[in-house]
Amino acid sequence: MPTATVPRLPLASLMGFAASFAIASLSSPATAMTPTLNARVALVADHASVVPGQSFKAGLRIVHDKGWHTYWANPGDSGLPTRFDWTLPAGASAGAIEWPLPERLLASGLTNFGYSDALLLPATLRVPTDAVAGSRFRATLRARWLICEEACIPDEATLTLDLPIEAAPRASVDAADFEATAARVPAAPHAPSGHSWRDATHVATQIDEADAMLRGATRIEVFPLTPQIVTSTRIDARLGPDGALRFRHPASEYFDRMPPRVDWVIGARGEDGRWRALQVSLPAEDARTP
C-alpha cells in the first residue's frame, strides 16, 4: 500500500475550486510576511520568549492569494502536501506538522483536500534542557509546498525564528491564532470499537459509540487520512440510533487492498459554528459484513 499520494492527472489541468466549508479566520498577521509565488508566508511562534526544556508551538503562516490553494497531508485526487525541514540547536527537537481540518477543493472533476485563504501549519518544538537563560533559541525552517490555481507551482521558503531564552516564558501576539488552529487539529488518534471493510466496489465503515465523540455536532465531515482507499468526494456519514457512525463510500480507482488499519479524520461543527477535529484509527479488512 503506498504511503504517499502522487498526482493522478497533470497538475496544470487544475482549475477553480469551491470549498465545502470555510477555514476558520485567523487574525491579521502581526509578523512581517515574506512574498512568495501567489502567497505570503511567515514563521511564527506562540511564545515571544522561552525557557530551557520548554515545548512550544511554531508554525508556517500562509496567506494565499485569491483563488490559490495548498494541500493537506492526504492531498486527495492530485497535489502534494507541504513539507517541513528544520535546522535546530543541538539538543532541540521538532515534531511533525499538525494538520488542521482541510477543505474539499473542487477542480476540473477532481476533488482535493487542502487550504485556501489564511492558514497556520503548527509543529511542536522543544528547547534544549541545557539551554542557558540569556542566550537565544534559533530555528530555521525550510518549507516546501505546491500551490495551485489553473496551474500548479512548486515553491519554498527558508525562514528563521529567533527567540530569547529567559527565566519565564512569555506568550506572543500570535498565540491566539495557535489556539484557534488547535481546535481544528486532531488530538492523538482514537482507537474506538469499529472497523472498515471493502464491500464490493465500496469501502464501508462503522465507528461504535461515536455519539459520545460527536456530541453537539450540527454537521459532520469525514476525510480519509489513509490515501488511495476511497474517492475524495464528500462522504455521507450518519449517526445511527445506536450511537454508531456509519458511512459507505466508493473505493478509489487506485484502490489496491485494505491495509491493516485505516485512519479517518472527522470534522464536527458545533452549534457556535466552530469546527473541531477527531482522528480515528480502525482495523480494516478486504471483506466483512457489519
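## Close-up views of a predicted model

**View 1. The cover over helix α1.** Elements that cover the buried residues of α1 include β2 (39-45), β4 (55-64), β10 (118-126) and β13 (170-171). Cover here rests on contact, meaning heavy atoms within 4.5 Å. Helices (H or I, at least four residues) and strands (E, at least two) are DSSP runs, numbered from the N terminus. This is a predicted model: local features need pLDDT of at least 70, side-chain atom pairs count only at pLDDT 80 or more, and totals for chains, interfaces and linings use all residues. Residues are numbered from 1 along each chain as its sequence is written, and side-chain values use heavy atoms, leaving out hydrogens and water.

**View 2. The buried side of α1.** Now meet the residues under that cover: in helix α1 (residues 175-182), Ala175, Asp177, Phe178 and Thr181 are buried (under 20% relative accessible area, 1.4 Å probe, protein chains only). They lie on the same side of α1 because they cover an arc of only 160° around the axis, taken from the directions from the helix axis to the C-beta atoms.

**View 3. The disulfide.** Cys148 and Cys152 are joined by a disulfide, S to S 2.0 Å; the rule asks for a pair of cysteine sulfur atoms within 2.5 Å. The count by this rule is 1 disulfide. With a torsion of about 120° about the S-S bond of Cys148 and Cys152, the disulfide is right-handed. Both Cys148 and Cys152 are buried.

**View 4. Stepping back to the whole protein.** The protein has 2 helices and 20 strands. Of its 290 residues, 51% count as buried.

Technical notes:
Buried < 20%, exposed > 50% of the residue type's maximum accessible area, 1.4 Å probe, protein only.
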